[in-house]
Amino acid sequence: ELKTPLTVIMTNAELLQSPDYDESSRRQFSENILTMSRQMRSLVEDLLELARSDNEQSKITFSKFNFSALVENALLIFEPIIFEKEITLTSLVENDVHINANAPRLQQVLDILLDNAQKYTAANGWIRVELARCGRSRCRLAVSNTGSPLSQDDLKSIFKRFYRADKARVRDGSFGLGLSIAENIVLAHHGRIWAESKNNINSFYVELQTV
């Protein structure tokens, strides 16, 4: 994961030093270096986040808050991005679902799941977000989207670090670490996270305890 962007950076840096290229080419070499540098920074940040979540599972602080409001706010943030891609976004969020958790960490989970959904939904597809109580003391968050179905192997491996279900997909700065980070956070909250795929609809579920 690090060798490829490093090779691109070094190659373009060497080309920049060559007198054989015009200004337009040199500008392109510079842009390539910047793009790869940003990808490397993103990867390093994700790796640091994983290391942090590995070490903090027993130290994470919880407090009671309105999970419904957190979900609604996350939807507001992603709405313009999803609309720009000509994707339909719908939601069904039960009011006043309260949980005892770490709000910033669960915000990360929401961001990861929504970002994952918008990346893998084509134009004219849809994303649906649902939150509801289930049973006496649990709630379930579901983020579903239309797209290429996930295989049984994908469903078993998708939360592994560096795993990407669509291996033919053009690199877009995603290194297959987001879902691993989400899983670490959910496990630290004594919850569970899993994925299902049916009829060209991929769904990610998170179950947590309510208060």
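Let's start at Trp 194, which is buried because its relative accessible area is 16% (buried means under 20% relative accessible area, exposed over 50%, and partly exposed in between, with a 1.4 Å probe and protein chains only). Before going on, keep in mind that this is a predicted model, where local features need pLDDT of at least 70, side-chain atom pairs count only at pLDDT 80 or more, and totals for chains, interfaces and linings use all residues. Residues are numbered from 1 along each chain as its sequence is written, and side-chain values use heavy atoms, with hydrogens and water left out.

Back to Trp 194. The charged end of Arg 192 sits over its ring, 3.9 Å from the centre (for this, NZ of Lys or CZ of Arg has to be within 6 Å of the ring centre and within 35 degrees of the ring normal). Arg 192 itself is partly exposed, because its relative accessibility is 42%.

Now for the rings. The whole structure holds 4 aromatic pairs (rings of Phe, Tyr and Trp, the last by its six-membered ring, pair if their centres lie within 6.5 Å; planes under 30 degrees apart are stacked, over 60 edge-to-face and the rest tilted). Take Phe 159 and Phe 204: their ring centres are 6.2 Å apart and their planes stand at 85 degrees, so this pair is edge-to-face. Phe 159 sits in the loop between helix 5 (152–157) and helix 6 (178–188), while Phe 204 is in strand 7, so to speak a partner from a distant part of the chain, 45 residues apart (helices, H or I of at least four residues, and strands, E of at least two, are DSSP runs numbered from the N terminus). Tyr 205 is buried, with a relative accessible area of 17%.

What about charges? Side chains of opposite charge can pair when their charged atoms come close. Here the count comes to 6 salt bridges (a side-chain nitrogen of Lys or Arg within 4 Å of a carboxyl oxygen of Asp or Glu). Which residues does Glu 207 pair with? One of them is Arg 140, at 2.4 Å from N to O. Arg 140 lies in strand 5 (residues 138–146) and Glu 207 in strand 7 (residues 201–209), 67 residues apart. Arg 140 is partly exposed at 34%, whereas Glu 207 is buried at 8%. Another partner of Glu 207 is Arg 192, at 3.6 Å from N to O. Arg 192 belongs to strand 6 (residues 192–198), so this bridge ties it to strand 7 across 15 residues of sequence. Through shared partners, salt bridges join Arg 138, Arg 140, Arg 192 and Glu 207 into one network.

Elsewhere, Glu 130 forms a salt bridge with Arg 128, with the closest N and O atoms 3.3 Å apart. Glu 130 is partly exposed at 28%, and Arg 128 is partly exposed at 30%.

Last stop, helix 4 (residues 103–119), where you'll find Asp 111. Gln 107 lies in helix 4 as well, and it is buried at 18%. Leaving out residues up to four places away in sequence, Gln 107 touches Leu 70 and Ala 74 (contact means heavy atoms within 4.5 Å).
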